[in-house]
Amino acid sequence: MQQKIVPNLWFDTQAEEAANFYISVFDNSRIVNVTHYGEAGPGPAGTVMTVEFELNGQRFVGINGGPQFTFSEAVSFQINCADQGEVDYYWERLSEGGQEGPCGWLKDRYGLSWQVVPTGMEEMLNDPDRERAQRAMKAMLGMGKIDIAALHSAADGVPAR
C-alpha cells in the first residue's frame, strides 16, 4: 500500500548523498527511485532531481531544489530508542559532521534536526507524581545526548554518582 503522507526534504544538491547516508544509518532501508533533470530543467540535465528512499519502512523524497531553502529546527524527526545502546548509536552516527544540541536534539551534517530519545521518556516526563516528572525534566534539560540511567536516577531522586 502506498504511503499517504511522504515527507519531502529539500536539499541544495546533496539529496542522493544524504539518502545514501541515511540508509547506511537505519536498518531495513533502501533507495527506491532516482529521477534526473531533463533538458527542460530547471536543474542541469542529467543531474539528480529527486531521490525516493525508505528508512525502516518510512518513505521519504529528497529533492535537489537549490540553495533557496534550508532546514530548521521547526521540523525534525524523532527516533524512539529501546535502550542506551540505540541512543548512543543514532546519536553518534547522525551527529557526526553535524551539531549536538540539548535534550536529545542534534542536527546532522545536512542540517536536518533529529531527536534521539529513549522509549518511555515521555511517560517519565508526564508522570502523575509531579515531583518525579519535574526531577526528570530538570535532568533532561541538562543533557545533550540522553543518558537513560541518569534520567531514571534523577526521576527517582537518587543523587548522580
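Buried here means under 20% relative accessible area, with a 1.4 Å probe and protein chains only; strands are DSSP runs of E of at least two residues, numbered from the N terminus.

The model is a predicted one, in which local features need pLDDT of at least 70, side-chain atom pairs count only at pLDDT 80 or more, and totals for chains, interfaces and linings use all residues. Residues are numbered from 1 along each chain as its sequence is written, and side-chain values use heavy atoms, leaving out hydrogens and water.

In a regular strand, side chains alternate between the two faces of the sheet. In β8, one side carries S113, Q115 and V117, the other W114, V116 and P118, and all of these are buried.

Which strands pair with β8? Strand β5, residues 76-81, runs parallel to β8 and is joined to it by six bridges, with Q78 partnered by Q115. β7 runs antiparallel to β8, with three bridges, and K107 has S113 as its partner. Pairing requires at least two DSSP bridges between two strands.

β7 and β8 form a hairpin with five residues between them, and G111 in the turn has a positive phi of about 90 degrees.

The loop between these strands also holds D108, which counts as buried because its relative accessibility is 3%. The side chains of D108 and Y22 are joined by a polar contact of 2.5 Å, a term for N or O atoms within 3.5 Å, where within protein one must be able to donate a hydrogen and the other to accept it, and residues adjacent in sequence count only if both atoms are side-chain atoms.

How values were computed. Helix = DSSP H or I, 4+ residues; strand = E, 2+ residues; numbered from the N terminus. Buried < 20%, exposed > 50% of the residue type's maximum accessible area, 1.4 Å probe, protein only.
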